[in-house]
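Here's a quick tour for anyone meeting this structure for the first time. Have a look at the model below, then read on.

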Amino acid sequence: MSVRVSPRRMAIQFGLWTLLAASYTLSGGLSQISEGQAPNWWRVGVWNASDFYLWMLLVPLVAWLGRQAADGGWKRFAAVHVPAGLAVALLQLLAHLAIFWNVCGPGRAPVSSFGGFLRMQFAYSYHFALLLYWVILVVLRGIESQRRLRDERLRSTQLESQLAHAQLRTLRVQLQPHFLFNTLNAISALALADPHQARLMISRLSDLLRLTLEERHALEVPLSQELELLRCYLDIQQVRFQDRLSTQVDVDADTVRAAVPSMILQPLVENALRHGLLDKPEPGRLQIVSRREGAQLYLRVDDDGLGLPEGMAEGLGLGNTRARLKVLFGDAASVALARRAEGGTRVELRFPFREYTAEHAA
């Protein structure tokens with residue numbers, strides 16, 4: 001499989017090999033000066049440039065050899081790289097010495113032929129070539145392992161995200177039939193006693209279902225849209241409760257664009273009506289509040305109803321809300337349910353504040 005290398009990456013690689021060649025050239029020249037000789041920068045430069053640039057050209061071959069033995073254990077690794085290292089190092093050595101001999105000649109070396117020059121340089125140069133082969137191989141395998149680890153983490157993150165989305169959709173789907181059943185139950189109760197009010201509730205229900213279907217795939221919506229859906233739901237309940245119910249929506253302007261899980265408020269309001277206000281003989285009051293508290297969004301649903309029954313288990317609405325926030329935000333979200341000192345129940349939600357974008361709907 002061919003791997004396309006970007007121009008930027010090629011430029012970085014060329015720069016690194018050039019830096020190595022320049023560093024070794026400077027070291028060689030300074031070594032000659034320290035020995036009391038006049039430095040021959042041309043010969044030292046050609047020697048190191050031809051050496052390192054040849055290795056730069058051989059890097060793709062070393063990388064390919066590294067991939068061939070990547071998944072076969074130590075026996076396969078040794079079977080591939082011991083002979084490959086010897087062969088590649090020999091190939092690089094011969095090319096390096098041939099280039100240098102043809103460009104610079106023997107210089108002060110006591111030889112008159114390329115064969116003699118090869119015999120003179122072979123031991124040191126072959127040892128250095130073998131060492132560079134293994135250094136390049138180790139570096140390339142380290143980079144490849146890091147890339148694989150990064151890809152695995154990315155795949156793991158994507159799978160976790162897909163699982164979280166599936167869980168959220170499952171939890172949201174649980175709410176819709178639960179809510180619809182309760183609303184139809186209320187309409188059924190009015191169908192004989194007050195047909196006009198029943199028809200009015202059906203009209204409100206059609207508006208609510210339209211909004212619900214429009215966002216059926218949305219995991220998160222702007223708070224303003226969530227409040228619109230809640231208003232339709234409260235219109236239905238207003239028909240049911242008549243003047244026994246008053247509502248107050250206290251929403252800060254800087255929170256209306258906040259991203260919130262779709263249908264996050266409706267089950268909390270439904271709980272307040274069913275368990276707090278439905279059996280209350282006198283008129284009741286419901287309040288919905290939103291505030292921004294630093295990096296968090298604060299939502300609250302208050303009622304002045306009969307309060308929580310003793311030993312009441314967490315129902316579908318509240319349990320579903322807690323589970324959805326847990327999937328989306330983990331420990332950064334909280335759900336608190338408590339009795340109000342002045343009577344009734346309070347539910348408080350806190351989770352990270354995020355401006356709504358189209359990505360939240362996916």
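Before we get going, one term: two strands count as paired if DSSP finds at least two bridges between them. Keep in mind, too, that this is a predicted model.

Now for the sheet. It's an open one, built from 5 strands in the order β2-β4-β5-β7-β6, with mixed pairing. β2 (245-251) and β6 (334-339) sit at the edges with a single partner strand each, so one side of each has no neighbour in the sheet. Going from one strand to the next, the twist averages 10°.

Let's zoom in on one pair. Strands β5 (residues 296-303) and β7 (residues 345-352) run antiparallel and are joined by 8 bridges.

| Helix | Strands touched | Direction angle |
|---|---|---|
| α6 (residues 223-241) | β2, β4 (284-293) and β5 | about 170° with β2 |
| α7 (residues 266-277) | β2, β4, β5 and β7 | about 150° with β4 |

Finally, let's turn to a single residue, R67. Which helix is R67 found in? That's α2, which covers residues 41-68. And is R67 buried, partly exposed or exposed? Its relative accessibility is 33%, so R67 counts as partly exposed; the cut-offs are under 20% for buried and over 50% for exposed. R67 and L140 are 73 residues apart along the chain, and 9.6 Å separates their C-alpha atoms.

Note on methods: Residues are numbered from 1 along each chain as its sequence is written. This is a predicted model: local features need pLDDT of at least 70, side-chain atom pairs count only at pLDDT 80 or more; totals for chains, interfaces and linings use all residues. Side-chain values use heavy atoms; hydrogens and water are left out. Helices (H or I, at least four residues) and strands (E, at least two) are DSSP runs, numbered from the N terminus. Buried means under 20% relative accessible area, exposed over 50%, partly exposed in between (1.4 Å probe, protein chains only). Axes are lines fitted to C-alpha atoms, for helices over the stretch in contact, and angles run from 0 to 180 degrees between N-to-C directions. Contact means heavy atoms within 4.5 Å.
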